[in-house]
Amino acid sequence: MLLSVPLAMAADVEAGRSKSQVCAACHGADGNASLPGVPSLAAQPAMHTFLQLVQFRAKRRGDAQMSPFSEKLSDGDMRDIAAYYAAQKARPAEIQVDQAKAALGARLAQSHFCGSCHMPDMSGQNQIPRLAGQNYEYLVKQLRRLKSGARRDIDGTMASAAQALSEQDIENVSHFLSGLK
């Protein structure tokens, strides 16, 4: 929690609005992405977005669009962009949730204690992302990548958690999470 205070104090939301204009093509003008497989950044904890940008810049995460973009950002730019998106209101994901899969996914999320890090309402905190209402395709892709080792996370917690998930589990929990308001 101590890191989030300096991050928020040093950030300029209005500067972040301006700096994030290039992000709008994929993530939406207000951070609510409508493209399949693209994460929504609206209402993400600022520290989470900041650290993801740092990981892209440091090449600890790779993406054809994000890696080149993040290389040009200073820490201050990243803080401003993160603060801007944190201040935006998240809209529900555009998905027809399979209620049976979502019910199974809810049980999985509970049995794997997802709410202990992501918060009981899956809104995220500090460096932990908001999963509630996130893009279904993005969730599936990232869980698969964490399970396979193609994506690393900062401390290995999510990679370890994903190991226990079957393909059906990944789909079920993604239906549950993307359907949350």
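Helices (H or I, at least four residues) and strands (E, at least two) are DSSP runs, numbered from the N terminus. This is a predicted model, in which local features need pLDDT of at least 70, side-chain atom pairs count only at pLDDT 80 or more, and totals for chains, interfaces and linings use all residues. Residues are numbered from 1 along each chain as its sequence is written, and side-chain values use heavy atoms, with hydrogens and water left out.

View 1. The protein has 11 helices and 0 strands. Read along the sequence, the pattern is α-α-α-α-α-α-α-α-α-α-α. The C-alpha atoms fill a box of roughly 45 × 30 × 30 Å along the principal axes. The radius of gyration, taken over C-alpha atoms, is compared with a globule rule of 2.2 Å times the number of residues to the power 0.38. For 181 residues a compact globule would have a value near 16 Å, and the protein agrees, because its own value is 16 Å. Contact means heavy atoms within 4.5 Å. Among contacts with a separation of 6 or more, 70% join residues 24 or more positions apart.

View 2. Accessible areas come from the Shrake-Rupley method with a 1.4 Å probe; for residues, only the protein chains shown count as cover. The protein exposes about 9500 Å², and carbon and sulfur atoms supply 59% of that area. Buried means under 20% relative accessible area, exposed over 50%, and partly exposed in between (1.4 Å probe, protein chains only). Of the 181 residues, 44% count as buried. For charges, Lys and Arg count as positive and Asp and Glu as negative, with His and the chain ends not counted. Each charge is placed at NZ of Lys, CZ of Arg, CG of Asp or CD of Glu. There are 20 positive and 17 negative side chains, and the centres of the two sets lie 2 Å apart.

**View 3. Two nonpolar cores.** A nonpolar core is a set of buried Ala, Val, Leu, Ile, Met, Phe, Trp, Tyr and Cys residues joined through side-chain atoms within 4.5 Å. The largest has 15 residues, and Met 122 and Leu 177 have the most contacts inside it. Helix 7 (99-111), helix 9 (136-148) and helix 11 (167-179) each give two or more residues to this core. A second, separate core has 14 residues, including Leu 41, Ala 46, Leu 73 and Tyr 84.

**View 4. Around Met 122.** Neighbours within four places in sequence are left aside here. Met 122 then contacts Ala 109, Cys 114, Gly 115, Arg 130, Leu 131, Ala 132, Leu 177 and Leu 180.

**View 5. Two loop residues with positive phi.** Most residues other than glycine have a negative phi. Ala 43 has a positive phi of about 65°. Ala 43 sits in the loop between helix 3 (24-27) and helix 4 (46-57) and is partly exposed, at 26% relative accessible area. Asn 126 also has a positive phi, of about 45°. Asn 126 lies in the loop between helix 8 (115-118) and helix 9. Asn 126 counts as buried, at 19% relative accessibility.

View 6. Thr 49 belongs to helix 4 and is buried, with a relative accessible area of 5%. Beyond four places in sequence, Thr 49 is in contact with Gln 44 and Ala 82. Gln 142 is in helix 9 and is buried, with a relative accessible area of 8%. Not counting residues up to four places away, Gln 142 touches Arg 61 and Arg 151.
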